[in-house]
Structure formats: C-alpha cells, structure tokens
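This report examines how the parts of one protein chain pack together. Please keep the sequence and the structure in view while reading.

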Amino acid sequence: MGLEALAMAASTALVGAMSTSLWEQARAVAVGWWRQVHPERADVVDAELVEAGGELAAVREAGGEAAEAELAADLVAEWERRLRRLLLARPGLADEVRRAVDELTARQPEPASPAPVRQEVNVSDRATAYVAGRDQHFDGR
C-alpha cells in the first residue's frame, strides 16, 4: 500500500473511530505520530481531533444522517491530507500507521443494519393510496 492509500485508510479509520469506544485510543495513537514527527504540533493536533470528534457527535445527536455523512467525508479528506504530509515527512512511520489502521479496522463494530420495513395498505371503494419508503412530494396537479 502506497503512502497516499495508507493516508486514506488511516484517515478513514480515524474518523470512523470517532463514533465508537475506540476513539480515545485512536486519537492517542494519531497524536503519538505527530509527537514523533512534529512534537511542537502534537498538542494542537490533539485539540483539533477533539474538536472534530465533538462536531461529528453534535451532528449525529441532531439526527441528520446526510449532514453526518457529509461532515465525516470532509473530515476524512482533511485528515487524509494531514496524514499524507506526515508520512511524506517521515516515510518510516508507514509500518506503524499500517499496523494501527489494521488494528482499528479489525476492532471497529460493524455498522448496524437498518430494521426491515413492512408496509401494508388497504383501500376500499374509490380511495387512492400513495405509499413511499421515504419522502413524497406532490405538486398539486
């Protein structure tokens, strides 16, 4: 796996861990990478990770699945760039990052499957029923 692919895998695992019990461990590991390469930036990176995790949690609590997915994608892209620069500055860190990604990926819980939905509609006489699995919009015509 090249450095760019590794940076993408690491950022995906890191952001994925934000909503799990693995978050504190994942954050500590990531901050440890900065401590090795840019120790003067490690505390700032830690604070930024805490802030990112808080943002994601707030969006999740608000219940906006689309907003949560969008923010998660933005965070993955942001941390991918940061991790790529870190790996370019210290290519020898790649093995450690790869091990951490493998461990995080193996330990992250599988996403919950949505509950099955069963819809049953009974109409009589000249009634009309409109049924949808999500949003329905009528333009009045």
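## Leu75 and its contacts

Apart from neighbours within four places in sequence, Leu75 is in contact with Val15, Met18, Ala52 and Leu56. These contacts are read from a predicted model.

## The nonpolar core

Leu75 is among the residues with the most contacts inside the largest nonpolar core, and the others named are Met18, Trp33, Leu49 and Val97. This core has 34 residues. At least two of its residues come from each of α1, α2 (23-37), α3 (42-62), α4 (65-89) and α5 (94-107).

Helix α3 has 21 residues, and its first and last C-alpha atoms are 30 Å apart, close to the 30 Å expected at 1.5 Å a residue. Which residues of α3 are buried? They are Ala42, Val45, Leu49, Ala52, Gly53 and Leu56. These residues lie on the same side of α3 because they cover an arc of only 95 degrees around the axis. An α-helix has 3.6 residues a turn, so residues three or four places apart point the same way.

The cover over the buried residues of α3 includes α1, α2 and α4. On the other side of α3, Asp43, Glu51, Glu61 and Ala62 are exposed. Just after α3, Gly63 has a positive phi of about 85 degrees.

Ser11 belongs to helix α1 (residues 3-17). Why does Ser11 count as buried? The reason is that its relative accessibility is 0%, and buried means under 20%. When residues up to four places away in sequence are not counted, Ser11 touches Val76, Trp79, Glu80 and Leu83.

Conventions:
Residues numbered from 1 in each chain as written. Predicted model: local features only at pLDDT ≥ 70, side-chain atom pairs only at ≥ 80, totals over all residues. Heavy atoms only, no water. Helix = DSSP H or I, 4+ residues; strand = E, 2+ residues; numbered from the N terminus. Buried < 20%, exposed > 50% of the residue type's maximum accessible area, 1.4 Å probe, protein only. Contact = heavy atoms within 4.5 Å. Core = buried A, V, L, I, M, F, W, Y, C linked by side-chain atoms within 4.5 Å. Expected span 1.5 Å × (residues − 1). Arc of directions from axis to C-beta.
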